[in-house]
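Let me share what I looked up, entry by entry.

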Amino acid sequence: MAYARSSRLDRPVDIGRDHVLGAPTADITLVEYGSYACPYCHAAHDVIAKLRDRFGDRMRYVFRHLPIAGSEDAEPAAVLAEFASETSGKFWPVHDALMRRGPTFAPGDFERIAAAFDLPPRDEAHAPAIRAAERRVREDAESARRSGALVTPTFFINNRRYEGPWDENALAEAMLGSLGHRIQTATLDFVRWGPSAGFLLLLMSVLAIALTNSPAGPAFESWWRTPLDIHFGGEAFGLPLLDWVNDGLLTIFFLVVGLEIKREFTVGRLASRRAAALPIAAAIGGMIAPALIYLAVIPAGPMLHGWGVPIATDTAFAVALIALLGDRVPVELRVFLTAAVVVDDLVAIAILALFYSGDIDTGYLVAAALVTGLLAVLNQSGIYRALPYAVLGVVLWACLHHAGLHPTLAGVILAVATPTRPPANLYALTAQAEMVVRAEMRSAGDGVLRHGPSEPALRALDVIHDRIESPANKLLRSVEPWSSYVVLPVFALANAGVVLSFDVIEGHARLMLAIVLGLVLGKPIGIFLAASLAVRLGIAVKPAEYAWRQLLGAGTLAGIGFTMSLFIASHAFPSDADFAAAKISIFLASLVAGSLGALILWSRADLDKELTVTSRLRRTAAPPSGSPAGSFGDQGG
């Protein structure tokens with residue numbers, strides 16, 4: 001899961017320091033991070049002028065520097081504007097002149113602009129003003145970085161980054177705070193909040209438990225068992241609503257898991273052996289240990305089949321707690337836990353397919369294999385359109401369902417088959433896009449009988465945009481929010497409901513103990529021992545940025561089983577009483593594991609000391625330059 005960049009203006013507007021146009025008491029503040037060498041900023045310059053005419057005293061405009069890379073003129077132009085401010089207070093006249101003269105500047109342009117506004121010479125006598133101007137440009141660029149402004153122009157409206165189109169009408173609508181814009185802004189703020197997915201999952205779980213234990217409980221449970229049929233001509237295919245959620249809707253979640261796994265193993269954190277070894281080893285250990293503990297507590301009997309329940313980790317809750325802990329969790333530890341959870345999900349899906357499927361129908365199994373082969377042919381043939389994959393994905397889902405395998409496997413297979421392709425040549429594609437835009441502007445220059453870009457131009461730009469992002473990444477970006485904010489909350493609402501009664505414990509004490517011990521103890525013990533063994537054997541390297549105790553805390557957070565544990569339990573325990581006991585055990589274990597993990601990671605005692613000792617040991621064990629690395633130095637402490 002990617003961590004979103006900041007969407008808030010890091011340094012608030014300071015009338016005494018910033019360059020401000022407009023009334024100090026204006027209720028709308030528009031801040032632009034821009035560059036005089038950026039052609040898009042020059043286009044935006046005219047838009048800003050129209051907005052100032054439109055809003056008058058209601059608007060104040062602030063310009064901050066973010067010189068673009070790759071231009072020899074970007075920083076000198078910014079320094080010239082600040083030099084004008086330092087020496088004569090003529091920032092805005094010089095700013096306007098630079099915007100009208102650029103974005104490309106001829107030799108001598110800066111000198112001519114300076115002379116036009118009677119600026120003093122930039123000589124030794126004015127060296128302090130030059131240094132102040134250079135410092136101001138650097139400070140603005142640093143403020144842009146902290147505020148999440150990565151490109152020019154980037155706008156902030158009342159301290160919040162604006163991410164829509166920057167034509168006059170779109171900007172004006174955002175500045176006025178229309179209902180649609182407010183809803184969009186609130187949604188983006190919630191999604192960017194790190195714990196948002198976990199919070200929504202928790203909310204739906206609490207709602208499910210409350211409804212199940214209310215007078216509406218029987219009706220609530222009965223509603224999920226309502227049959228829902230799909231008719232194709234004279235044929236009908238039907239499942240209860242709960243099965244549509246667990247077998248159908250959850251396929252989207254497995255598709256996302258498969259796409260994340262594919263990304264991590266190709267271009268992500270698991271792309272290299274050294275980076276992948278530690279989280280892979282930890283994930284495997286974190287699944288073996290809980291299963292062994294479960295089997296030790298329940299060595300025989302019908303409940304033995306539930307050994308897969310405590311092996312899984314809930315990504316949303318684990319990531320939510322890590323986000324709440326903030327800088328107490330190093331970025332490297334977040335990477336480790338996220339990668340381990342990705343591997344955990346992959347193995348859990350395989351275990352679900354191998355051990356928790358029904359009777360196998362050979363005919364449909366062969367049909368599923370043929371459809372998988374067709375998906376592979378499409379991939380190898382370089383077909384990048386989504387429609388053929390989507391159609392075959394639906395057919396594969398139906399074949400797997402009738403074959404007796406869990407149909408959500410279709411999501412993983414579809415993810416593996418979704419094509420990736422070599423990275424795009426951004427320079428060539430940008431040049432092509434500029435050529436299309438310029439040709440369109442020339443043909444539309446007379447403005448006669450034209451209301452916008454031509455359809456051929458729009459199609460050409462669509463093709464260029466489509467080439468920049470691989471189909472797999474595009475699908476992941478499109479589907480992941482649906483998985484996090486629709487699929488998993490609906491799954492929790494459908495599956496988390498359980499009647500809270502001491503009667504559930506009767507006859508299920510060993511089952512509940514096995515699940516709780518497996519998640520609360522098995523997960524951290526397995527992750528810690530497997531990771532330390534991999535490091536000692538020289539298979540993996542632990543980053544020095546986090547201590548072993550912090551790794552143990554992350555392993556403890558992995559004991560939050562919830563979604564996948566509930567899913568496996570629903571297949572492992574056909575009895576409602578057994579499933580209810582398993583649910584309560586999973587809730588209890590997840591609560592304890594989350595609390596203990598947060599407590600371990602919250603405390604900073606002795607961490608600095610341990611990290612300092614580790615760093616010294618690494619330096620001591622490091623071989624001389626040019627000599628082979630020793631095993632202890634490679635282990636990273």
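I began with Cys399, which counts as buried at 10% relative accessibility (buried means under 20% relative accessible area, exposed over 50%, partly exposed in between, with a 1.4 Å probe and protein chains only). A note on my source: this is a predicted model, so I kept local features to pLDDT of at least 70 and side-chain atom pairs to pLDDT 80 or more, while totals for chains, interfaces and linings use all residues. Residues are numbered from 1 along each chain as its sequence is written, and side-chain values use heavy atoms, with hydrogens and water left out.

Next I looked up Cys41, and this residue is buried too, with a relative accessible area of 1%. How many disulfides does the structure hold? I found zero, a disulfide being a pair of cysteine sulfur atoms within 2.5 Å. For Cys41, the nearest cysteine sulfur belongs to Cys38 and is 3.4 Å away.

Then I turned to strand 2, residues 28–34 (strands are DSSP runs of E, at least two residues; helices are runs of H or I, at least four; both are numbered from the N terminus). Seven of its seven residues are buried, so strand 2 is largely enclosed by the rest of the structure. I checked both faces: Ile28, Leu30, Glu32 and Gly34 lie on one side, Thr29, Val31 and Tyr33 on the other, and all are buried.

My last entry is on pairing, which needs at least two DSSP bridges between two strands. Strand 2 runs parallel to strand 3 (residues 59–65) over seven bridges, and Tyr33 has Arg64 as its bridge partner there. With strand 4 (residues 154–157), strand 2 pairs antiparallel through four bridges, and I noted Phe155 as the partner of Glu32.
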